Each structure stands twice: as structure tokens, then as C-alpha cells.
Amino acid sequence: MLFRFKVPSQAREDEVTPRELFLTRRSAIAGGAALMAAGGLPAFPGLAKAATFQVPTTVSPQDPKLDAPTPKESATTYNNFYEFGTGKTDPSERAGSLRTSPWQVVVDGEVAKPMTFGIEDLLKFPLEERVYRLRCVEAWSMVIPWIGFPLAELLKRVEPSWTARYVAFQTLADPAQMPGLRSPVLKWPYTEGLRLDEAMHPLAILSVGMYGEVLPNQNGAPVRLVVPWKYGYKSIKSVVRITLTREQPPTAWNLSQPSEYGFYSNVNPDVDHPRWSQANERRVGEFFRRKTLPFNGYAEEVAGLYKGMDLQKFH
Ligand SMILES: Nc1nc2c(c(=O)[nH]1)N[C@H]1C(S)=C(S)[C@@H](COP(=O)(O)O)O[C@H]1N2
Ligand SMILES: [Mo]
């Protein structure tokens, strides 16, 4: 058993999205609240400790097609978070200096209602657990049980204007907390961006936790984006600003080397990185390589977003 918490059986099928991806339904959350009242344990003890809010619950992914999650030890010690250095163990060794509370996320730009969300506000969104594959552009991958909520839920709250076509994201850039900023490997602050329809897609989430606990600093605490059909660098960590824009926003990796890191960055085994193949990948903790899947295995859900586009050109 991977998950400690049993599913209330009234959970309904979600027609829009594949069942193996959506591990929690609203009805399951309601069931969890009832469990709590009856003295049950909170589903996310780490989150419960971090904030006072109604603890949601999760349902078990019973679908055997789901890949087994990567051991938590690997997912929290093999990271890319250049604000703490470029080595894979730098983030876990050095991100202790990041202060994740208080924390605010400003949401502004082409919206009717610009808002600032404290981390405590974000924890009030309907949290769900989702097991997603994360595929790094460096051809390794992991499977991570995230806790989060659809980015669309947050964007709807600020009421995007009809002029909004893109969403720009920004990470904190405080040299006092982030020793990696001393080195100009990327243009700081770290930035990323999505087209508005990608950002509104139900698979795109803002994550506040993983493995049933608050996000470790090295994984992007207290809130980070997770866009599972794109290369990992789109999944920007420790977000402080989300700005809706008319024009395609500049992004850190694309600025550093546009030929190697496109704006779209959809996982695509047919478009190689100029310096290595993207046809296969190594799952962290495994020996044999696996084939990389178009859109990281989420093609059925997201390929429609790119209908008619030349995916070689818009890589
Ligand atoms: N702010 C920021 N976000 C970031 C990065 C970074 O260096 N800084 N690295 C990206 C890359 S390249 C990857 S593969 C993922 C890794 O996420 P993980 O460490 O949680 O597996 O984070 C992405 N988000
Ligand atoms: Mo990455």
C-alpha cells in the first residue's frame, strides 16, 4: 500500500480527466472532513502542522497502471534549484536558509482583480494529491505524489481580462537566502511562462506539498508550479509573482540558450536537445532506461492544445 488513507467509495468518476491522474474528488474531501470529525488522522500531517486550516484527505491510486512513486529520499536529494547551486545535492544541502513563512504570491497584470495571496490563503484552495511524472530536460525522470490544486482555480479568482494571453511566473530572488544567485548561470529572478490555455488546463497545478507533507525547501517551498507534460524547468519553484500578460513573457532558460530551451518545452521524444537525445530517459533510482513518451505520457489530455502547431519549430 502506497497510501495510508482509504477512499470513501462515493468518489465520482471525473469525465474531463483520466482517473489515474485525479486522485481526489470533491466528495472524497467531504468524506475526509467527516473522518476528521470522527477523530481520524489528518491526511497530510506535515501540512496540518504548518498551518491552521481544514485538513483535506486523499484517495488511494488503486490503478495499477500508475508507476510507483520515486522514493522520497531520492526526490528530495536529487534536485535542480539553481538559486542554491547547480549541483544535484546543493539544494538539499543549502536550501535550509530559505524562509518560507511569511510568504506572499502577487497575482497581477491583465486581470480585473489583482490579488495577493498569503501561503495561508493558498492552503485553503481544494488540495488534492496527484501522482505525476516529472521529466527533466536532462533526460532523467521521477514520479512524485504532489499535493496541490489546479492553477486555474487561482487564475479564475483574479478574473483574467480578454487581453490576457500568457501567464508569467517569478521565483523569489534574495541573495541573503539564496547563495546560488551570486553566480550568473541564469538571469535572476528565475522566470517561466505558459500560454493562458496551458495554464488553465486542469493538469497544471500549484503544489504546496509532496509525499503527504509540506514541500521541502529544495523542492520549491512553499509553493511551486507543476506542469507534468513539459520539461521540468517549466515547473518553477518558490513562486512570488504570477503576472498575466498580452505578449509571450521572457523565461530564464529560454533567455540563457534559446536554441536548447524553447518556450513551449513540451516533452517530445522526436525533438532532440542539440547536445543529447530526448528519445529515452532514466527514472531516478532505476538502472535501465525507458522510452520517453510524447507529452510525457499526457498526450491524450493535452495534445489538443497544440493542434496545427509545428512542434519542431515551437519546441
Ligand atoms: N526557481 C527555480 N525553479 C526550478 C528550477 C530552478 O533552478 N529554479 N529548476 C527546474 C528544473 S530544471 C527541474 S528539472 C525541476 C526539478 O524539480 P524537483 O527538484 O522538485 O524534482 O525544477 C524546476 N524549477
Ligand atoms: Mo530540469
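Colleague: Let's start with Leu122. Which residues is Leu122 in contact with, leaving aside its neighbours within four places in sequence?

Modeller: Leu122 is in contact with Val105, Phe117, Leu127, Phe149, Leu154 and Val223, once those sequence neighbours are left aside. Keep in mind that this is a predicted model.

Colleague: OK. And which residues touch the most other members of the largest nonpolar core?

Modeller: Leu122 is one of them, along with Trp146, Leu151, Leu154, Leu155, Trp229 and Ile242. That core has 76 residues. Strand β4, residues 140-150, gives the largest share of this core, with 6 residues.

Colleague: Let me step back for a second. How many helices and strands does the chain have?

Modeller: There are 9 helices and 12 strands. The chain has 315 residues, and 56% of them count as buried.

Colleague: What share of the contacts join residues at least 24 apart?

Modeller: That's 71%, counting contacts between residues at least 6 apart in sequence.

Colleague: How many cavities of 30 Å³ or more does a search of the whole structure find?

Modeller: The search turns up 1. The largest cavity holds about 30 Å³ of space.

Colleague: Which residues line the largest cavity?

Modeller: Arg133 and Leu134 do, together with Val226, Val227, Pro228, Lys230, Tyr231, Gly232 and Ser235. Sorted by class, that lining has 5 nonpolar, 2 polar and 2 charged residues.

Colleague: Let's talk about Gly220. Is Gly220 buried or exposed?

Modeller: Gly220 counts as buried because its relative accessible area is 0%, and the cut-off for buried is under 20%. You'll find Gly220 in the loop between β8 (213-214) and β9 (224-226).

Colleague: What does Gly220 touch, not counting residues up to four places away in sequence?

Modeller: Gly220 touches Phe81, Leu215, Lys237 and Ser238. As for Gly209, 11 residues apart from Gly220 along the chain, the two C-alpha atoms are separated by 9.3 Å.

Colleague: Where are the cis peptide bonds, say the one to Pro222?

Modeller: That bond runs from Ala221 to Pro222, with omega near -5 degrees. Pro222 sits in the loop between β8 and β9. A cis bond also joins Ser101 and Pro102, with omega about 0 degrees. Pro102 is in the loop between α4 (90-94) and β1 (104-109).

Colleague: Why point those out?

Modeller: Because most peptide bonds are trans, and most residues other than glycine have a negative phi.

Colleague: OK, phi then. What is the phi of Tyr211?

Modeller: Tyr211 has a positive phi of about 50 degrees, and it's not a glycine. Tyr211 lies in the loop between β7 (205-210) and β8, and is buried at 15% relative accessible area. Asn296 also has a positive phi, of about 60 degrees. Asn296 is in the loop between β12 (289-291) and α9 (299-302), and is buried with a relative accessible area of 3%.

Colleague: One more asparagine, Asn266. Where is the place of Asn266?

Modeller: Asn266 is in the loop between α8 (252-256) and β11 (280-283). Asn266 is buried, with a relative accessible area of 8%.

Colleague: And which residues is Asn266 in contact with, beyond its neighbours within four places in sequence?

Modeller: Those are Glu198, Trp229, Lys230, Tyr231, Phe295 and Tyr306.

Key:
Residues numbered from 1 in each chain as written. Chains lettered and ligands numbered in written order. Predicted model: local features only at pLDDT ≥ 70, side-chain atom pairs only at ≥ 80, totals over all residues. Heavy atoms only, no water. Helix = DSSP H or I, 4+ residues; strand = E, 2+ residues; numbered from the N terminus. Buried < 20%, exposed > 50% of the residue type's maximum accessible area, 1.4 Å probe, protein only. Contact = heavy atoms within 4.5 Å. 1 Å grid on protein atoms, 1.4 Å probe; cavity = no way out; pocket = protein on both sides within 12 Å on 5 of 7 lines; lining within 4 Å. Points joined across faces, edges and corners; volume = space filled by probe spheres on them. Nonpolar A, V, L, I, M, F, W, Y, C, P; charged D, E, K, R; others polar. Core = buried A, V, L, I, M, F, W, Y, C linked by side-chain atoms within 4.5 Å.
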